[in-house]
Amino acid sequence: MSTHSNPFASTHSLDTNPFDDPPPQSNPTPAEGTRLEELRRREQDLERREAELNRKAEHIRRHGRNNWPPFFPLIFHSIRDEIPEASRPLITRLYQLWLVLLLTVIINMIACIFILLGGSSDGGKDLGSSIGYLFVIPIASFLLWYRPIYNGYMKEQALYYYLYFIFGGFHLLFSIYMIIGVPSTGSAGLIQTIQQFVKHSWVAAILGTVATTGWVIQGLGNAFYYRQIYAHHTAAGHTMEKAKTELATHGAKAYFTRG
């Protein structure tokens with residue numbers, strides 16, 4: 001039989017389209033299996049990103065872009081929509097610490113009112129300074145250290161991390177200053193609180209205790225997360241040169257834009 005076979009005969013059926021892709025192999029090689037798995041993973045990642053973008057677009061269509069502060073929206077702030085899932089707990093804790101700071105400066109000012117009413121010779125200076133803190137510190141802290149680290153984790157750009165390290169460091173020093181509570185500085189901190197207990201000015205003493213506790217909580221909390229953020233920044237390979245390049249490329253307007 002082998003002597004009469006045609007060596008030039010085709011083994012393909014005439015019904016087969018020669019331009020069709022060859023049928024997939026039933027047993028792909030390990031390299032091909034890895035490549036297919038990588039392609040499948042990328043496709044799933046693209047589908048997830050597309051769904052997330054559609055959800056964000058729908059949220060913006062319904063509620064508008066700006067949503068914070070709630071009583072007079074000026075910016076868009078949404079940890080769930082803008083921060084990667086792995087980093088949301090950290091940014092949420094930082095936002096909660098900022099809220100503790102806001103509450104602390106309010107209680108600090110009220111304590112200074114009672115320190116003035118208690119007959120403190122420096123009560124007027126304390127009250128004036130505490131009112132200034134109430135209007136300056138929450139806004140400055142939100143814009144100078146909270147918002148930069150929020151943007152840093154959202155965009156993963158080195159520039160925002162360096163802004164956070166500079167102003168977050170200043171805030172830690174300011175927290176220590178307020179915890180001490182030197183008279184006439186506007187802080188109802190430790191020294192002021194002890195003086196009010198000695199004078200038996202109980203309302204001022206209790207409010208001073210609450211204010212001091214608030215300064216300690218937000219100060220220690222910010223110090224703890226400062227270290228975590230620095231470790232993340234180092235692991236991500238951010239450098240000052242990278243930050244300078246980002247500033248030259250995007251400019252200051254990147255601070256106010258979302259992408």
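Predicted model: local features only at pLDDT ≥ 70, side-chain atom pairs only at ≥ 80, totals over all residues.
Reader: Of the residues of the chain, what percentage count as buried?
Author: The chain exposes about 16,300 Å², of which carbon and sulfur atoms supply 66%. Among contacts between residues at least 6 apart in sequence, 69% join residues at least 24 apart. Of the 259 residues, the part that counts as buried is 36%.

Reader: Which elements give two or more residues to the largest nonpolar core?
Author: The largest nonpolar core has 32 residues, and those with the most contacts inside it are Ile91, Leu94, Tyr146, Ile149, Tyr153 and Ile229. The elements that contribute two or more residues to this core are α3 (88–117), α4, α5 (158–180) and α7 (202–235).

Reader: Which residues are in contact with Tyr153, leaving aside its neighbours within four places in sequence?
Author: Tyr153 is one of the residues with the most contacts inside the largest nonpolar core. Once the neighbours within four places in sequence are left aside, the residues in contact with Tyr153 are Ile83, Pro84, Ser87, Leu90, Ile91, Tyr161, Ile229 and His232.

Reader: How many residues are in the second, separate core?
Author: This second core is separate, and its members include Met109, Ile115, Ala188 and Ala204. The number of residues in this core is seven.

Reader: Is Ser141 buried or exposed, and what does its side chain reach?
Author: Ser141 lies in helix α4, which spans residues 123–155, and it touches Trp98, Leu101 and Tyr146 when residues up to four places away in sequence are not counted. Because buried means under 20% relative accessible area, Ser141, at 4% relative accessibility, counts as buried. At 2.8 Å, its side chain reaches the backbone oxygen of Ile137.

Reader: Why are the buried residues of helix α6 on the same side of that helix?
Author: The buried residues of α6, a helix that runs over residues 190–198, are Gln192, Thr193 and Gln196. They lie on the same side of α6 because the arc they cover around the axis is only 100°.

Reader: Which side chain is joined to that of Gln192 by a polar contact of 2.7 Å?
Author: Gln192 is found in helix α6 and is buried, with a relative accessible area of 1%. Leaving aside neighbours within four places in sequence, the residues in contact with Gln192 are Ile115, Asp126, Gly181, Val182, Pro183, Ser184 and Ser187. The side chain joined to that of Gln192 by the polar contact of 2.7 Å is that of Asp126.

Reader: Where is the place of Pro69, and what is the omega of the peptide bond from Trp68 to Pro69?
Author: Most residues other than glycine have a negative phi, and most peptide bonds are trans. The place of Pro69 is in the loop between α1 (30–63) and α2 (79–82). The peptide bond from Trp68 to Pro69 is cis, with omega near -5°.

Reader: What is the phi of Ser184, and how is its accessibility classed?
Author: Ser184 lies in the loop between α5 and α6, and although it is not a glycine, it has a positive phi of about 75°. Its relative accessibility is 28%, so Ser184 counts as partly exposed.

Reader: Is His200 buried or exposed?
Author: His200 lies in the loop between α6 and α7, and its phi is near 60°, a positive value in a residue other than glycine. Because its relative accessibility is 53%, His200 counts as exposed.

Reader: How far apart do the end C-alpha atoms of residues 97–118 and of residues 200–217 lie?
Author: According to the unreviewed UniProt entry, the annotation "transmembrane region" covers residues 97–118, 130–146, 158–180 and 200–217. Residues 97–118 are 95% helix and 0% strand, and their end C-alpha atoms lie 31 Å apart. Residues 200–217 are 89% helix and 0% strand, and the distance between their end C-alpha atoms is 26 Å.

Methods. Residues numbered from 1 in each chain as written. Heavy atoms only, no water. Buried < 20%, exposed > 50% of the residue type's maximum accessible area, 1.4 Å probe, protein only. Contact = heavy atoms within 4.5 Å. Areas by Shrake-Rupley, 256 points an atom, 1.4 Å probe, with all protein chains shown as cover. Helix = DSSP H or I, 4+ residues; strand = E, 2+ residues; numbered from the N terminus. Polar contact = N/O pair within 3.5 Å; in protein donor to acceptor, adjacent residues only side chain to side chain. Core = buried A, V, L, I, M, F, W, Y, C linked by side-chain atoms within 4.5 Å. Arc of directions from axis to C-beta. UniProt positions renumbered as here; feature names shortened; annotations may be inferred.
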